[in-house]
Amino acid sequence: MSSKITKSCSILLTALLAVSVAGCQSSNSNNDSAKSPAVDSNDPAWKEAQTSPYTPYPETVTYSIGQVASNFSALAGTPYEKDNATDNVWTRYFKEKLNVQNKVAFEANDGTDYNQKVSMAIVGGTIPDIMVVPDLSTLQQLYENDLIADLTDAYNQCASDQIKEIYDSYKGRVLDTARFDGKLMALPTTEISHGPGVLWLRKDWMDKLGLAEPKTMEDVENIITQFVEKDPGGNGAGNTVGLVVDNENTAGVSGGQYELNNIFTLYGAFPKQWMDDGSGKAVYGSVQPEMKPALAKLADMYKKGLIDKQFAVRTADDRKALLTSGKSGSFMDNWWGSWTVADSIKLNPNAKWVSYVAPQSEDGSVTMFTGNPSSSYLVVRKGFEHPEAAIKIASLQFDYQRYQEKDEAVLKKFEDYASLNVGGSPIAINIDYYDAFYRNVGIMEEALKTGDSSKLLTSNDRNAYRSYKKYLDNVKNGEKLDSNGWAGYTSSITTANLVKNSKIKEVNPVFFGTTPSMALKWPTLTKMELEMFLKIITGEQSPDAFDSFVSSWKKTGGDTITNEVNEAITSK
């Protein structure tokens, strides 16, 4: 869920929740919650079900839920065409394994529509038994108003060992966001590592010019200079474009496309991130002195034509077209950047894009800032008799079904859903390892080498195996390459291996939330920041203009927000 959407949800709740708490609390008994069977506390079957991940309840436990709408219309003409929000592959699986059944309290499309439904449910005092809230601010407001259940015991008893291992892979950064006064108040979704920024270059152009693989910033500049000046793509003198760069987020988004994060971090700069200044105080990266030399470097590159001269006015389609058409042979992206240029393989089978973790610092490392470790939270209404049901469902979905289910007929049903891009699960979060994108790359490589895919852990891995095997067979036999097979293999095998074996230094930002003053002041500050980026890089202003920007940023609300950020960090 985007930051703009979640901020809107938080602002709405901040304005309304304070005057509606009494209504929420008094109407909980009359809300849309489902009625659960009476529990005999002395019955061993109930005791075991309430304290273990996969033991089914002795009687059906029905839970009301706010859920994201699934595209069930895509199932028309299939054996699943009658499936719906309460009767589908996932809900039947949950019923069979755990004896739980969902009842839809509200349903909406992901994003703004869903977030508005969440806000209205909270304000109207009709919180369902289980729902996902879109951000930390909403979670905190629910906790402070005593509207959600403490999940500490439920997690300790009913989260599977592998679910706990997955959360542990984040070294506390995920679960800690959902802890208040030592109590776990939600099950957070996990945002896997995006890895460092990755430089993508046309290797066929490099080979034609006799250029070595890049490591340093100087290497990168030299390669792009040769591309622009010597025109290895045959675009005609002066028509080859330099580095393709985004004009709204030139840097500062973890996993952002066409961003220059690797160049900024060479200078110790972390634009748009709230960082620890070394004394325990949070400071905003975009106004720190390390930014100025980084911007000066980019301005110099732009002046020399090493950055696309028209980048400030390009659209997303323009940027992609420059790469797929062969007008540019360089861009910065992520490990999945091969998907950005997959169409170039269709247009020119001889185009060869290769990824590099560059530019590197003097010690051969690349520094990256990590992203928000959790963007949404699964909560349980206070008073729901079976709060552990949420943990059991999550364990079944993100552990047992993903890693332990061996029934091919069952897995085929989930694969059929996936092939049609149909979700179906009432639980719209994800729980996966921090290093998920390269964690099992060795197992996949071994399977591709031997032809034995029995050790692949998930149905997704097995589907990927078939695609990668077909791609490698095409390469071996000199056949036409499937662009999707190439993109998948290049991202998930070649580049994942590259990242796994590179020297990466991670820096963790300290704040991802919102503060009271951001509602009014942040849009203006964001606009000021963007204008500063574009004007300095394009030469409209000198790098010295950065100093006046910092002064204006502080006076226009930046100092106030910085104080609020620090207060928010210390108060949690």
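What share of the contacts in the protein chain with a separation of 6 or more is accounted for by residues 24 or more positions apart? Such residues make up 75% of those contacts, a contact being heavy atoms within 4.5 Å. The model is a predicted one, in which local features need pLDDT of at least 70 and side-chain atom pairs count only at pLDDT 80 or more, while totals for chains, interfaces and linings use all residues. Residues are numbered from 1 along each chain as its sequence is written, and side-chain values use heavy atoms, with hydrogens and water left out.

The protein chain holds 22 helices and 14 strands, these being DSSP runs numbered from the N terminus (helices H or I, at least four residues; strands E, at least two). Its radius of gyration is 26 Å, close to the 25 Å that the globule rule gives for 572 residues, so the chain is as compact as a globular protein of that length; the radius is taken over C-alpha atoms, and the rule is 2.2 Å times the number of residues to the power 0.38. Along its principal axes, the C-alpha trace spans about 80 × 65 × 40 Å.

Of the 572 residues, 52% count as buried, which is to say under 20% relative accessible area with a 1.4 Å probe, protein chains only. Phe331, which lies in strand β10 (residues 330-333), is buried, with a relative accessible area of 0%. Leaving aside residues up to four places away in sequence, Phe331 touches a set of residues including Val198, Trp200, Tyr258, Thr340 and Trp353. Leu243 is also touched by Phe331, and these two residues are 88 apart in sequence but 5.3 Å apart in space, C-alpha to C-alpha.

How values were computed: Buried means under 20% relative accessible area, exposed over 50%, partly exposed in between (1.4 Å probe, protein chains only).
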